[in-house]
Amino acid sequence: MAMIDEIFFLPPMAVGRLGGSDVPLDSFHWAEDPTLHGAGLTVIIPAVSLEVLANGALRPFMPSVIRFRDGRLFRPTAPFFELWVRSNAQDQPLTLKWLRDNKISLSDIQYSVVASNRKAARRSGAPACAFSAEVDVAADDHNPRSLLASSTGDDPLVLPDKTVNLGRFHALRPTPVTAMGVDLSILRVRFTPARGQVYGPVSATQAIDPDSGRKHEIVPEANRILNPQSSWLQYSSNDRQDSPEPSDTYDGSDDSSRRNRSFGVVDDTCDVVLQALLRIDSRSWRATARVFVAPPDFAPDRRPFCSLAEELADRDQAATGAKETPQEAMDRLGDLFQRVYETASLANVDMMRNAMMPRDDRGLVSFADLPAVTLGDSMTPKDSPYFDQDQNLNSAPVSHAQLPYSSVAAQTHAPLADTEDLALFLRTSAKQVKRIVRPAYAHFKNLQPKVNSNAKPDPGHRDPRIVRDTEHDMRMPPYMRDSDASPLSLNRRQYDFLMQTVDGLQTPTTSKSKMPPSQSSRVQDHVARVVERLSTKTSAHNTSNQDANKDAKPKRLKSGPGAKGKRDL
């Protein structure tokens with residue numbers, strides 16, 4: 001028997017997305033738009049996907065298109081997990097052959113799944129407002145299991161006889177087949193999120209939207225199953241100084257006539273902890289993975305500049321390896337700025353500016369050489385030297401620019417999505433770049449033990465104890481809020497990388513007339529690939545026509561009445 005160091009899941013974490021359709025979303029990946037007018041923008045490309053058959057086995061296929069909805073129902077994003085083993089310092093998937101070679105059966109492996117929604121409990125401070133489901137499944141049991149959640153404790157929110165479905169777990173049937181490059185003998189499981197429903201007590205019938213005055217149904221009648229005695233129905237952010245941020249993301253938070261009291265509504269999102277336990281005689285090994293369930297992605301072909309992968313990289317020590325060349329660094333930075341542009345193209349900067357900027361400076365801390373912190377001055381000619389003095393976006397917008405700040409944001413970031421233009425901008429505008437990009441929060445090791453909360457911020461990093469570092473302004477990314485309601489920024493690793501690259505691009509001879517020779521840009525590479533592809537097609541088409549014409553008889557003009565100007569083709 002092989003020496004087992006550990007077992008683990010790949011991937012170790014995944015994002016699932018709610019959906020009311022019975023058909024999960026097929027696989028796709030991000031790629032560069034292959035068309036001539038794509039200009040290197042991101043598109044989604046179908047990838048090999050796995051269909052779960054009635055007996056729990058898998059069938060690989062390549063979808064011709066990616067369909068996100070069936071009618072009005074979104075398809076859920078249902079991640080797969082593979083079970084792997086590290087043996088003698090070598091990683092390999094746990095397959096039927098590996099089990100057979102090591103005299104291990106599927107019944108020696110047990111899965112356990114815990115799905116929980118603790119949002120109401122976190123706000124109210126009452127554990128009985130959380131609801132969870134737990135199932136244990138042997139690896140040789142290939143029937144899907146629903147995760148029916150309920151609450152525990154005094155006055156539980158979700159009663160045990162009226163559960164909330166948080167999704168479905170499935171231990172898939174491995175088969176000794178490889179198809180479309182997929183080894184189907186690997187042990188896999190799948191989690192399918194719930195349908196995207198909301199639940200409430202019998203009182204959650206109708207409400208009036210305070211902005212539009214429109215009456216709407218709070219919860220469908222069939223889902224009014226929650227305990228009306230639960231403390232969740234009495235929660236109000238008015239009563240707490242430490243409400244989770246954002247503080248207004250529960251139903252009832254904007255109804256001042258009820259003191260912003262909760263309607264007692266919850267949804268079927270959840271966090272999932274998935275474990276696999278392998279027992280052999282007296283020894284055991286455990287693998288763990290996590291799923292974070294979220295709503296559908298409303299822009300799946302746009303990549304965020306601040307992603308889960310970026311946040312993990314920011315917290316993990318970089319592996320030592322070959323040093324990046326300047327061109328490799330610019331390509332990596334170019335990809336970041338392309339994602340910045342994709343984010344900016346989705347953002348309603350006008351709305352965010354109006355929502356995040358105070359009308360006056362009461363209680364605020366400001367400094368003359370830092371950006372303005374009030375709505376009337378931010379991103380206007382008064383916001384010197386941060387804003388372009390030739391523009392005044394507070395003036396009446398023209399008919400085609402009803403969202404002037406959003407329009408300018410997209411127009412400004414579009415050329416910077418091209419690596420060549422980005423490099424030129426960073427070379428010639430280094431001072432402005434360092435001024436206009438909001439610093440990231442400092443590492444703990446770089447923070448002072450004690451600070452004055454009204455102190456002037458350090459220009460190279462932010463400190464959450466300093467008031468001015470928590471105030472919104474026009475620095476990039478403007479008016480976007482982080483998870484704690486403070487201004488969003490690049491993470492520490494991204495910010496340091498940007499500033500190091502800017503410094504590296506500066507040379508004593510840098511000027512617009514003496515620029516170092518530039519490398520081929522992403523857009524130039526894209527156009528070259530399109531031209532090459534079209535040339536190849538044209539060449540093949542001409543060759544085919546020439547070969548066909550070798551054996552063809554000469555064509556003649558028809559003679560006779562009515563034949564004028566026509567060829568016998």
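Mentor: Let us begin with Tyr-479, which is buried, having a relative accessible area of 1%. Here buried means under 20% relative accessible area, exposed means over 50%, and partly exposed lies in between, using a 1.4 Å probe and protein chains only. This is a predicted model, in which local features need pLDDT of at least 70 and side-chain atom pairs count only at pLDDT 80 or more, whereas totals for chains, interfaces and linings use all residues. Residues are numbered from 1 along each chain as its sequence is written, and side-chain values use heavy atoms, leaving out hydrogens and water.

Trainee: What is the phi of Tyr-479, and where is its place?

Mentor: Most residues other than glycine have a negative phi, and most peptide bonds are trans. Tyr-479, although not a glycine, has a positive phi of about 65°, and it sits in the loop between α8 and α9; helices (H or I, at least four residues) and strands (E, at least two) are DSSP runs, numbered from the N terminus. That loop, between α8 (430-436) and α9, also holds Pro-477, and the peptide bond from Met-476 to Pro-477 is cis, with omega near -5°.

Trainee: Which residues have the most contacts inside the largest nonpolar core?

Mentor: A nonpolar core is a set of buried Ala, Val, Leu, Ile, Met, Phe, Trp, Tyr and Cys residues joined through side-chain atoms within 4.5 Å. The largest one has 57 residues, and those with the most contacts inside it are Phe-9, Leu-83, Ile-109, Tyr-111 and Leu-157. Apart from it lies another core, of 38 residues, which includes Leu-333, Met-357, Ala-409 and Leu-426.

Trainee: At what angle do α4 and α9 pack?

Mentor: For such a value, axes are lines fitted to C-alpha atoms, for helices over the stretch in contact, and angles run from 0 to 180 degrees between N-to-C directions. Here α4 and α9 (residues 492-505) pack at an angle of about 125°, with their axes 11 Å apart. That makes α4 oblique to α9, because angles under 35 degrees count as roughly parallel, over 145 as roughly antiparallel, 65 to 115 as roughly perpendicular and the rest as oblique. The contact (heavy atoms within 4.5 Å) involves several residues, including Leu-333 and Phe-337 of α4 and Phe-497 and Leu-498 of α9.

Trainee: Which residues of α6 are buried?

Mentor: In α6 (residues 404-416), the buried residues are Pro-404, Tyr-405, Ser-406, Ala-409, His-413 and Leu-416, and they pack against α4 (326-344), α5 (349-356) and α7 (419-428).

Key. The expected span of a helix is 1.5 Å times one less than its number of residues.
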